[in-house]
Amino acid sequence: MSQRKAPVQARGRQSIDDLLSATQRVLVRDGPSALTTPAIAKEAGVSVGALYHFFPNKESLILALYETKLGEIRAIVETPIIATGDWRADIGGWLRAIKAKEAEIGYGLALNEAMDHFPSLEAVTRRHQSAQAAGIAQQFKALGSPWPDNALFDLALYAYFLNSAAWLYWAYAGEELPQAVDRLVATATALVAPAFEGGAPPTRKLAKPAG
């Protein structure tokens, strides 16, 4: 279920932002199982009735929060890379910027793990995966890879799930470790090297962007 109504005034937009921020704080501090509309309203300093003015239930709140955070991440993924002529350095810097943005907006393990408690997030995740891979593939193409679009999308999708492995590493470690970013950069550049250094694209049936 989606947000009840979209605000047209700045005050309404601020109320939405405050509720989403409160949702994230409760989620990070207390976990997905503690996410209730009374808890969110209390955290935001408003009545439950005021919360219901904008959101019909907690599922719509977590969905709006999730979509907002993923949209912010896609924006940095799709920001054109300034090519320096060294694709390894360009991709490495771009990946570090993405991870820094994730940390800045608070896209942490708690939000990622909320998917287990809110099945409605799965459809959003699938759309995000396809959109993210398409954006990554476009970056590879802009940096000069001669591979065809479907091969770049397939490679980008693989790189996307490689990034997801960093989440698992952090989950087991219990914290976000800097060396995970270093390892991600090293592994990702090795993964995509054939697309920039004369490797032949795969000949098997490839994934295609959704839509």
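The model is predicted, so local features need a pLDDT of at least 70 and side-chain atom pairs count only at pLDDT 80 or more, while totals for chains, interfaces and linings use all residues. Residues are numbered from 1 along each chain as its sequence is written, and side-chain values use heavy atoms, with hydrogens and water left out. On pLDDT (the predictor's confidence in each residue, from 0 to 100), the chain averages 86, and 89% of the residues score at least 70. Helices here are DSSP runs (H or I, at least four residues), numbered from the N terminus.

Start with α4 (residues 58-78) and α7 (residues 121-142). Their axes (lines fitted to C-alpha atoms over the stretch in contact, with angles from 0 to 180 degrees between N-to-C directions) sit 10 Å apart at an angle of about 5°. That makes α4 roughly parallel to α7, a label for angles under 35 degrees. In contact here (heavy atoms within 4.5 Å) are, among them, Ile62, Leu63 and Tyr66 from α4 and Leu121, Val124 and Ala131 from α7. By class, that contact has ten nonpolar, five polar and four charged residues. Ala, Val, Leu, Ile, Met, Phe, Trp, Tyr, Cys and Pro count as nonpolar, Asp, Glu, Lys and Arg as charged, and the others, Gly among them, as polar.

On a 1 Å grid over the protein atoms alone, a cavity is a set of points where a 1.4 Å probe fits but cannot get out; a pocket is an open set with protein on both sides within 12 Å along at least five of seven lines, and lining residues have an atom within 4 Å of a point. The largest pocket holds about 370 Å³. Its lining has 21 residues, with Tyr107, Asn112, Met115, Ser164 and Trp167 closest to the centre. Helix α8 gives the most to that lining, seven residues. Eleven of the pocket's lining residues are nonpolar, seven polar and three charged.

The whole structure has one cavity of 30 Å³ or more. The largest cavity has a volume of about 180 Å³, and Leu95, Ile98, Ile136, Ala159 and Asn163 lie nearest its centre among 16 lining residues. Here α5 gives the most, with six. The cavity lining has twelve nonpolar, two polar and two charged residues.

How values were computed: Helices (H or I, at least four residues) and strands (E, at least two) are DSSP runs, numbered from the N terminus. Angles under 35 degrees count as roughly parallel, over 145 as roughly antiparallel, 65 to 115 as roughly perpendicular and the rest as oblique. Grid points are joined across faces, edges and corners, and a volume is the space filled by probe spheres set on the points.
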